[in-house]
Amino acid sequence: MTQRLHLVFGGELVNPSENTFKNVDDIHVVGIFPNYASAFDAWKNEAQRTVDNAHMRYFIAHLHRLRDEKAAASSTEELG
């Protein structure tokens, strides 16, 4: 069975209408979750905790979509 891992992270944006972080060193990594439901709960908790700051945004990244083990490796994976 394929794991469907999800990363929840967020931080302050330069402009609330764009997805550019003000300072990438300050990105808050909430965690990696084994399913979307638990990731959504964590995302919702952080989003509600920071609701008073219009520049704060949290995201859910679908880590399982970033890597397909059956696909050929990219040229950058061969470096190092």
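I started with the surface: the protein chain exposes about 6,200 Å², and carbon and sulfur atoms supply 52% of it. Areas come from the Shrake-Rupley method with a 1.4 Å probe, and for residues only the protein chains shown count as cover. I am working on a predicted model, where local features need pLDDT of at least 70, side-chain atom pairs count only at pLDDT 80 or more, and totals for chains, interfaces and linings use all residues. Residues are numbered from 1 along each chain as its sequence is written, and side-chain values use heavy atoms, with hydrogens and water left out.

**Layout.** I counted 1 helix and 3 strands in the protein chain. Along the sequence the pattern reads β-β-α-β. Helices (H or I, at least four residues) and strands (E, at least two) are DSSP runs, numbered from the N terminus. Of the 80 residues, 22% count as buried. Buried means under 20% relative accessible area, exposed over 50%, and partly exposed in between (1.4 Å probe, protein chains only). I also looked at contacts with a separation of 6 or more: residues 24 or more positions apart account for 58% of them. Contact means heavy atoms within 4.5 Å.

**Helix α1.** I checked its length. The 14 residues of α1 (residues 36-49) should span 20 Å at 1.5 Å a residue, and the end C-alpha atoms are 20 Å apart, which agrees. The expected span is 1.5 Å times one less than the number of residues.

Next, which residues of α1 are buried? They are A39, A42 and E46. They cover an arc of only 65° around the axis, so they sit on the same side of α1. The arc is that of the directions from the helix axis to the C-beta atoms. An α-helix has 3.6 residues a turn, so residues three or four places apart point the same way. On the other side of α1, A37, D41 and Q48 are exposed. The cover over the buried residues includes β1 (6-12), β2 (28-33) and β3 (56-62).

At the start of α1, I found a side-chain oxygen of N35 within 3.3 Å of the backbone nitrogen of A37. A polar contact is a pair of N or O atoms within 3.5 Å; within protein, one must be able to donate a hydrogen and the other to accept it, and residues adjacent in sequence count only if both atoms are side-chain atoms.

**Core.** The largest nonpolar core has 5 residues: V8, F33, A39, A42 and I60. Such a core is a set of buried Ala, Val, Leu, Ile, Met, Phe, Trp, Tyr and Cys residues joined through side-chain atoms within 4.5 Å. Leaving aside neighbours within four places in sequence, V8 contacts residues including F33, A39, A42, W43 and I60.

**F9.** F9 lies in strand β1. F9 and R57 are 48 residues apart in sequence, yet 8.5 Å apart in space, C-alpha to C-alpha. Not counting residues up to four places away, F9 touches F21, I27, R57 and Y58, among others.

I found T50 in the loop between α1 and β3. T50 counts as buried because its relative accessibility is 11%. Its side chain reaches the backbone oxygen of E46 at 2.9 Å. Beyond four places in sequence, T50 contacts M56 and Y58.

H64 is in the segment after β3. H64 is buried, with a relative accessible area of 19%. Its side chain reaches the backbone oxygen of L5 at 3.3 Å. Not counting residues up to four places away, H64 touches Q3, R4, L5 and H6.
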